[in-house]
Amino acid sequence: MSSSNSSFWKKAVNSEIDSILSNHTWELVYLPPGNKPLGSKWIFKRKIKADGTIDKYKLIQDEVHNWDYLLRDLRPSCIKCAIELEIPDIICKNANPVMSVSDLTATLSNLNPSKIIFIPVLMRVLVDFGLFNYHQLQQGDGYLITNFGRLFVKNDPSSKRSFFLFSQHPVMLKTTASVSDWLQDDLPTAVETAHGKSHWDYCVEESEFGSVFDDAMASDSRLISNLLISDCCKHVFEGLASLVDVGGGTGVMAMAIAEAFPGLKCFVLDLPHVIGERKGTGNLKFVVGSMFENSSH
Ligand SMILES: C[S@@+](CC[C@H](N)C(=O)[O-])C[C@H]1O[C@@H](n2cnc3c(N)ncnc32)[C@H](O)[C@@H]1O
């Protein structure tokens, strides 16, 4: 494209491809033998309004798309802010599923009074990010949590809250920001590039980060363990006398298996800072050790 309008047309093509992909319009497959592909063409026309000027609507749409893309990085910080203020938990617990913004701000007791005016703005942004649905109430704005918003509720069975907080921890943010440096140095992991030590050493030395990581792992295992002990998978444990969950963290997976199979001896092997004072009861035992060393247990 060499015309003076080439950047306009390139944008139009990219926007059309984005729209086709995001709508799952087609699926890329190999051509089945014996079939002939049909060709297709795209025809782009400039829409001219009755007064002869170019229709700016498409240009405005592109501009919205560009700003949306550029500001996308704000999403995690807004969601983290909502989690830290416990907004998803508060709305979930509210007697009426739709909570008015005035009731919400009244419940947020730690807010500085001069900042209350920003809560309606934050809520509008969180609606845009899909955590809540907006409802017009007689007393003003109201909000209802969505299925996506439930991922950030503390005790919801499908919660991804802990994993999200781990991904947004300053240690992880510095690690992800160091990926290009890591690609150019000779260290084995981006954590070492960013922090000068391995992930596991960091977990030992900075216990707050270690706990955030353990919670993230446990939340993931909680979801998977439900599946593992369900009718579709539980046959894999039949005939076993004992099992060891190597690097089993705080033992969420082994606990679920031990409870579902009382005749099966379950062991959790992990590093000392993770096992802590855990001993286990009944058919579950926690063992401190390294998977890279021989163990007499
Ligand atoms: C990806 S996490 C798995 C967590 C676990 N599935 C859970 O539910 O919490 C990996 C685990 O391996 C442990 N780990 C790392 N190095 C280890 C080693 N040398 N020996 C034993 N465990 C180790 C970590 O402490 C961590 O708990």
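Let me begin with the annotation. An unreviewed UniProt entry places the feature "domain: O-methyltransferase C-terminal" at residues 180-294. Please bear in mind that what you see is a predicted model.

Let us turn to the strands. Strand 4, which covers residues 242-246, pairs with strand 5 in the parallel sense, over five bridges. Between these two strands the chain passes through helix 14, and this β-α-β crossover is right-handed. As for individual partners, Val246 is bridged to Leu269 in strand 5.

Next, the ligand. Which residues come nearest to the ligand? Of the 17 residues around it, they are Met217, Ser221, Gly247, Gly249 and Met291. Two or more residues of this shell come from each of helix 13 (207-228), helix 14 (252-260) and strand 5 (265-270). Helix 13 gives the most, with three residues. Sorted by class, the shell holds 10 nonpolar residues, six polar residues and one charged residue.

Finally, the largest nonpolar core. This core has 16 residues, and those touching the most other members are Ala82, Ile91, Leu131, Phe132, Tyr143 and Phe152. At least two residues each are supplied by helix 3 (74-84), helix 4 (87-93), helix 5 (101-107), helix 6 (119-128) and strand 3 (140-145). Helix 3 provides the largest share, namely three residues.

Thank you for your attention.

How values were computed
Residues are numbered from 1 along each chain as its sequence is written. This is a predicted model: local features need pLDDT of at least 70, side-chain atom pairs count only at pLDDT 80 or more; totals for chains, interfaces and linings use all residues. A residue is near a molecule or strand if its C-beta atom, placed from the backbone, lies within 6 Å of it. Helices (H or I, at least four residues) and strands (E, at least two) are DSSP runs, numbered from the N terminus. Ala, Val, Leu, Ile, Met, Phe, Trp, Tyr, Cys and Pro count as nonpolar, Asp, Glu, Lys and Arg as charged, and the others, Gly among them, as polar. Two strands pair if DSSP finds at least two bridges between them. A crossover is right-handed if, with the strands pointing away from the viewer, the path from the first strand over the helix to the second runs clockwise. UniProt positions are given in the numbering used here, feature names are shortened, and annotations may be inferred rather than shown by experiment. A nonpolar core is a set of buried Ala, Val, Leu, Ile, Met, Phe, Trp, Tyr and Cys residues joined through C-beta atoms within 7 Å. A residue is buried if 20 or more other C-beta atoms lie within 10 Å of its own, exposed if 12 or fewer, and partly exposed in between; C-beta atoms are placed from the backbone.
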